[in-house]
Amino acid sequence: MTKKPDYHQHEEYQNRLRKLVEIRQCKIDPYPAKYTPTHTAESLHQEYDTKQIGHSEDAASGSTPFVCLAGRLVLFRSMGKNAFGHLQDETGRIQIMFNRDQTLVTNFEPSSEEPELSPYKFIEKKIDLGDIIGVEGYLFHTQKGELTVFVKQLTLLCKTLLPLADKHGGLADKELRYRKRWLDLISHLDVAKVFRIRSHILKEIRSYFDQYQFLEVETPILQSIYGGAEARPFITKLNALDQEMFLRISLEIPLKKLIVGGMHKVYEMARVFRNEGIDRNHNPEFTLLEAYASYWDYFDMMNFVENLFEKLALDLYGTTKVPYTAHEGAETIYIDMKAPWIRLTMKESIKKYANLDPNVLSDEEMRHLLLESAHCDPKKIKGLSRGLLIAALFEVFVEPHLIQPHHIYDHPIETTPLCKPHRDLKYREEGLVERFESFILTQEVCNSYSELNDPEIQRHLLELQSDRREAGDEEASPLDEEFIEAICQGMPPTGGIGIGIDRLVMILTNSHSIRDVLYFPWMKTI
């Protein structure tokens with residue numbers, strides 16, 4: 001026999017279960033199928049907060065605007081002839097008033113067990129905080145000027161069996177709020193606002209891509225070979241074929257195959273999965289946008305990205321300047337998304353922000369600087385090539401300075417096997433590729449290449465990565481022969497980008513953890 005959960009023993013659960021029986025005895029269905037509100041709390045406040053609409057006597061006589069709303073009862077206080085409460089819907093809260101003589105309850109009939117029960121007493125005794133109700137009535141302003149609904153008819157829409165968590169007690173624990181997001185949304189309207197903004201951002205991103213004639217596509221989540229990034233995959237099994245499969249770590253490879261197939265501009269905004277650490281900027285499951293455009297290069301993508309961010313800032317704030325506060329009580333700074341952004345090569349950025357010149361430093365000097373910084377693992381530093389040492393210098397000494405938007409371009413070839421070698425022979429001989437990363441608030445928010453389409457170079461670089469994997473590097477990808485075959489059949493010059501949507505939403509909503517912008521962030525099972 002299945003054991004009942006602990007809450008079944010709670011006194012409050014038992015009390016509400018008893019009330020549920022009593023409600024049904026009054027001929028009321030506590031879980032009706034449909035209700036049609038005509039207004040929201042926000043729409044009423046916007047329209048009537050400053051209008052002269054009358055007082056409670058006018059509402060009692062039905063001479064003020066009639067409204068119908070639905071939501072949770074989140075506050076209730078009885079004051080004799082009247083009882084006041086707050087109704088909360090997805091847009092906010094509004095005060096409601098029940099009257100002993102005029103408020104009715106839909107389908108209510110006194111039961112044989114409580115024959116003297118009136119509609120008003122039914123509300124007082126059977127309706128609890130957290131219950132979902134519908135109210136119909138007339139608007140008025142109290143003597144203090146608060147917009148209120150004089151409720152003529154109450155309809156019970158959902159009888160709750162457990163109370164809401166106390167906002168100042170039960171939901172003070174941030175981890176509990178992430179685990180029980182539904183309670184977090186009920187108790188903290190600002191959280192719901194962040195998620196509404198997130199949805200709006202995704203809508204505007206799609207609109208921007210539509211403007212440039214990109215086609216939104218869908219590619220497989222389950223893959224027999226993973227690639228497109230350096231990350232450890234999640235492994236699963238396809239039972240029908242008795243075959244090991246992987247959750248995708250990137251969107252890159254299938255999207256490039258579509259470019260080979262003649263699709264001119266494609267993008268996908270979807271979940272990817274990386275079996276790696278969890279912190280304020282990383283979640284094993286996150287939303288990635290990747291886009292590829294034939295006949296574009298990385299400079300075209302620079303323009304495209306910064307114009308997208310500028311557009312989103314203007315849409316949300318009416319200005320290109322986005323507010324950011326590091327923590328409660330800290331001074332607010334403004335991140336200016338206005339294009340063009342600061343553009344520096346990786347080597348230029350090291351000269352500018354670290355006062356170091358990679359062109360004159362030896363490999364051993366770079367290793368020494370990195371080891372002195374105490375930010376690097378000595379074992380990893382020992383085996384790094386020159387290009388990766390330069391990239392490590394950038395990460396340690398430059399990234400902390402990249403508060404305002406920057407494009408950092410011309411990276412060492414060792415940082416990626418999927419990028420085109422530099423078109424300038426001088427820089428190509430230095431081992432540079434046509435790649436840029438965009439940084440805001442010290443975090444990478446975009447990665448972009450002039451995509452590699454030389455099949456022989458592509459094979460060589462992927463073979464090197466495969467060798468690293470066989471040598472024990474769990475983040476290196478296996479050799480994908482099918483992808484190389486596709487490149488052999490011809491991919492036009494192409495520019496590509498990858499944008500971390502969750503980090504973008506964090507910046508645009510002044511959120512300080514990726515968990516704040518994910519509906520259900522990953523949490524350790526307890």
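## Basis of the description

The model is predicted, with local features requiring pLDDT of at least 70 and side-chain atom pairs counted only at pLDDT 80 or more, while totals for chains, interfaces and linings use all residues. Residues are numbered from 1 along each chain as its sequence is written, and side-chain values use heavy atoms, with hydrogens and water left out.

## Overall layout

The chain contains 17 helices and 19 strands, where helices (H or I, at least four residues) and strands (E, at least two) are DSSP runs numbered from the N terminus. Its C-alpha trace spans about 90 × 60 × 50 Å along the principal axes. The radius of gyration is 30 Å, whereas a compact globule of 526 residues would have a value near 24 Å; the radius is taken over C-alpha atoms, and the globule rule is 2.2 Å times the number of residues to the power 0.38.

Two domains are assigned, with domain 1 covering 6-164 and domain 2 made up of 187-341 + 448-461 + 491-516; these bounds come from an automatic or database domain assignment. The C-alpha centres of domain 1 and domain 2 are 44 Å apart.

## Helices α10 and α13

Helix α10 (residues 346-354) packs on helix α13 (residues 386-398) at an angle of about 40°, and their axes are 10 Å apart; axes are lines fitted to C-alpha atoms, for helices over the stretch in contact, and angles run from 0 to 180 degrees between N-to-C directions. The two helices α10 and α13 are therefore oblique to each other, given that angles under 35 degrees count as roughly parallel, over 145 as roughly antiparallel, 65 to 115 as roughly perpendicular and the rest as oblique. The crossing of α10 past α13 is left-handed, a term used if the near helix is turned anticlockwise from the far one by less than a right angle, with right-handed used if clockwise.

On the α10 side the contact (heavy atoms within 4.5 Å) is made by Met346, Lys347, Ser349, Ile350, Tyr353 and Ala354, and on the α13 side by Ile390, Ala391, Leu393, Phe394, Phe397 and Val398. By class, the contact of α10 with α13 holds ten nonpolar residues, one polar and one charged; Ala, Val, Leu, Ile, Met, Phe, Trp, Tyr, Cys and Pro count as nonpolar, Asp, Glu, Lys and Arg as charged, and the others, Gly among them, as polar.

## Two further helix pairs

Helix α8 (residues 252-260) and helix α16 (residues 481-488) cross at roughly 25°, their axes coming within 9 Å, and α8 and α16 are therefore roughly parallel to each other. Their contact involves Ile253, Lys256, Lys257 and Val260 of α8 together with Glu482, Phe483 and Ala486 of α16, a set with four nonpolar, no polar and three charged residues.

Helix α7 (residues 189-211) packs against helix α17 (residues 501-508) at about 115°, with axes 10 Å apart, and α7 passes α17 in a right-handed crossing. Here Arg198, Ile201, Leu202 and Ile205 of α7 meet Ile501, Asp502, Leu504, Val505 and Leu508 of α17, so far as class is concerned seven nonpolar, no polar and two charged residues.

## Backbone details

Ala339 and Pro340 are joined by a cis peptide bond with omega about 0°, and Pro340 is in the loop between β14 (332-336) and β15 (342-345). Lys27, although not a glycine, has a positive phi of about 70°, and Lys27 is placed in the loop between α1 (11-25) and α2 (41-48).
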